[in-house]
Amino acid sequence: MKILVPVKRVVDYNVKVRVKADGSGVDIANVKMSMNPFDEIGVEEAVRLKEAGVATEVVAVSCGLAASQETLRAAMAMGADRGILVETDAELQPLAVAKLLKAVCDKEQPQLVICGKQAIDDDANQTGQMLAALAGWPQATFASKVSIADGKASVMREIDGGVETLSVTLPAVVTTDLRLNEPRYATLPNIMKAKKKPLETVKPADLGVDVAPRLATLKVSEPAQRKAGEMVADVAQLVDKLKNVAKVI
Amino acid sequence: MAILVIAEHDNQSLKAATLNTVGAAAQLGGEVHVLVAGAGCGAVGEAATKIAGVAKVLVCDAPHYEAQGAENVAELVKGLAGGYSHILAAATPAGKNMAPRVAALLDVAQISEIVAVEAPDTFVRPIYAGNALATVKSADAVKVITVRTTAFEAAGEGGAAAVESVPAAADLGLSALVSRELVKSERPELGAAKVIVAGGRGLGSAENFHGLLEPLADKLGAAIGASRAAVDAGYCPNDYQVGQTGKVVAPQLYIAVGVSGAIQHLAGMKDSKVIVAINKDPDAPIFQVADYGLVGDLFQVVPELTAAIG
Ligand SMILES: Cc1cc2nc3c(=O)[nH]c(=O)nc-3n(C[C@H](O)[C@H](O)[C@H](O)COP(=O)(O)OP(=O)(O)OC[C@H]3O[C@@H](n4cnc5c(N)ncnc54)[C@H](O)[C@@H]3O)c2cc1C
């Protein structure tokens with residue numbers, strides 16, 4: 001069984017981004033970029049399925065700038081077998097990425113695609129569901145446990161109020177939640193090995209996909225900042241403030 | 001054209017998130033319809049007719065909607081979409097699961113977690129864990145949207161909508177629900193609670209988490225929330241997680257106990273009216289958003305606070 005793992009290059013989760021003064025976006029020049037953390041969880045899950053003998057090949061795919069090669073190399077250092085870069089400088093929105101991934105799936109015929117549930121830059125939480133819709137496959141989103149048997153995936157997923165387990169036919173799309181696994185750190189030898197793994201580059205036009213954005217960003221602004229509060233000395237003072245100043249208890 | 005709100009429910013009762021979604025729909029200008037897709041969900045349809053501002057309730061009652069799987073419900077919504085300018089769902093796990101699937105079937109963008117409506121085609125949504133707000137304009141014929149419930153007033157009661165039953169779409173048979181384990185709780189829902197007591201890694205264990213926070217929450221009639229670290233460590237169930245990738249809340253009072261205040265946590269609670277932070281580290285970032293900060297050992301402060309509240 002082949003597993004496809006889409007990976008996105010995003011601003012590192014430790015960076016607090018700044019909005020540009022002209023309102024055209026956020027300033028990401030010279031900030032640290034990393035693989036989207038949820039995608040790391042996806043790579044880890046796929047590699048574990050391969051190590052368990054369930055999967056035979058793990059293919060990482062990234063859509064975006066040439067620099068996304070680094071993200072693919074990071075996935076290969078974790079254990080993905082090869083990488084596919086759908087290279088473009090164009091702004092890619094989730095629907096466009098889903099269409100690109102659908103085209104890659106048509107070619108690669110994976111049985112399972114493991115996406116991150118959301119990217120921590122646009123916080124959209126859409127691509128996996130959209131890919132599943134376009135491919136006519138089932139989706140098991142926000143997964144905290146995945147097992148594969150008899151042409152089906154059994155997926156425990158995080159829902160409002162608790163968890164549920166779905167049984168979905170393969171091929172299917174799974175999206176990862178935080179508790180699915182703890183991704184490994186790539187070792188130096190594996191980082192070196194990853195440099196020699198195959199990395200293929202294609203363009204959206206080669207895949208016959210129109211990636212034109214459907215949403216225009218009119219402006220990006222700073223959210224309202226909270227006013228600095230005050231420190232209280234003890235519990236008595238805190239209770240007094242909450243009762244008599246804030247009037248919330 | 002009319003606006004379709006996909007109701008969130010468990011076949012027995014309508015979830016409060018639906019009311020906020022109707023609240024957002026009311027700002028778009030157009031007749032508001034609510035879709036209740038489920039199995040044996042007649043009472044939910046009935047409840048939806050009473051929401052103020054709803055003109056029509058579409059009920060689709062069939063066995064294959066029992067679990068409300070995204071595959072089957074999205075197929076149904078695709079068939080209904082022709083008559084609508086907007087399709088809205090709450091930005092809850094259920095809505096986030098479903099809405100992108102609907103959008104892709106219609107070949108339109110999906111606009112996630114809006115916090116304001118600027119115009120019927122222009123919306124504001126947080127990006128980068130709420131560190132920036134993007135104003136986006138959609139060029140698509142149908143706008144498929146999820147709504148951050150804390151950003152919109154809940155629609156009131158007093159409606160008298162008509163009920164129309166709609167035929168089911170085919171059962172795609174792609175997915176089956178095996179089991180569902182819901183945490184039973186007498187406490188208010190996190191999303192709707194007026195007061196939230198949230199615990200972090202500082203609590204140190206599940207016993208401490210519950211032993212210290214529950215008496216305080218009981219006194220305040222509060223819901224209990226948590227940081228990711230507390231959930232990951234198994235102190236409490238996953239659905240307590242507040243943050244960028246958990247629940248977004250905006251209660252009147254949020255008491256953060258032993259929570260450091262990582263960007264990802266702040267994204268889920270910084271719109272609370274009053275924030276209290278209890279932490280032993282005076283430099284913890286949570287103090288930068290707190291209205292009232294108390295530096296101290298939570299094992300001493302929390303029981304004292306519980307005792308001091310009448
Ligand atoms: C992709 C991604 C998504 C994430 N999503 C979320 C999310 O949705 N929500 C979320 O919360 N986090 C999220 N995180 C994790 C986040 O980055 C932090 O790791 C997490 O919020 C930290 O939890 P914490 O504050 O409980 O733990 P810590 O950062 O370890 O803080 C514990 C705090 O307790 C205090 N403390 C310890 N002992 C005591 C004591 N006796 N008395 C008083 N204070 C004490 C310490 O001073 C410290 O400030 C995410 C991370 C990633 C990478």
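Guide: Welcome! Two strands pair if DSSP finds at least two bridges between them, and a strand is a DSSP run of E with at least two residues, just as a helix is a run of H or I with at least four, each numbered from the N terminus. The model is predicted: local features need pLDDT of at least 70, side-chain atom pairs count only at pLDDT 80 or more, and totals for chains, interfaces and linings use all residues. Residues are numbered from 1 along each chain as written, chains are lettered from A and ligands numbered from 1 in written order, and side-chain values use heavy atoms, without hydrogens or water.

Visitor: How do you know that β10 and β11 of chain A pair?

Guide: DSSP must find at least two bridges, and 8 join β10 (152-159) to β11 (162-169) of chain A, so the two antiparallel strands pair. In one of these bridges, Val155(A) partners Leu166(A).

Visitor: What makes β13(A) and β11(B) edge strands?

Guide: The open sheet of 10 strands, with mixed pairing, begins with β13(A) and ends with β11(B). β13 (199-202) of chain A and β11 (175-182) of chain B each have a single partner strand, so one side of each lacks a neighbour in the sheet. From one strand to the next, the twist averages 25°, an angle between N-to-C directions of lines fitted to C-alpha atoms, on a scale of 0 to 180 degrees.

Visitor: What share of chain A is called buried?

Guide: Of its 249 residues, 54% count as buried, that is, under 20% relative accessible area with a 1.4 Å probe, protein chains only.

Visitor: How many helices and strands does chain A have?

Guide: Chain A has 6 helices and 15 strands, and its C-alpha atoms fill a box of roughly 65 × 45 × 40 Å along the principal axes.

Notes:
Buried means under 20% relative accessible area, exposed over 50%, partly exposed in between (1.4 Å probe, protein chains only).
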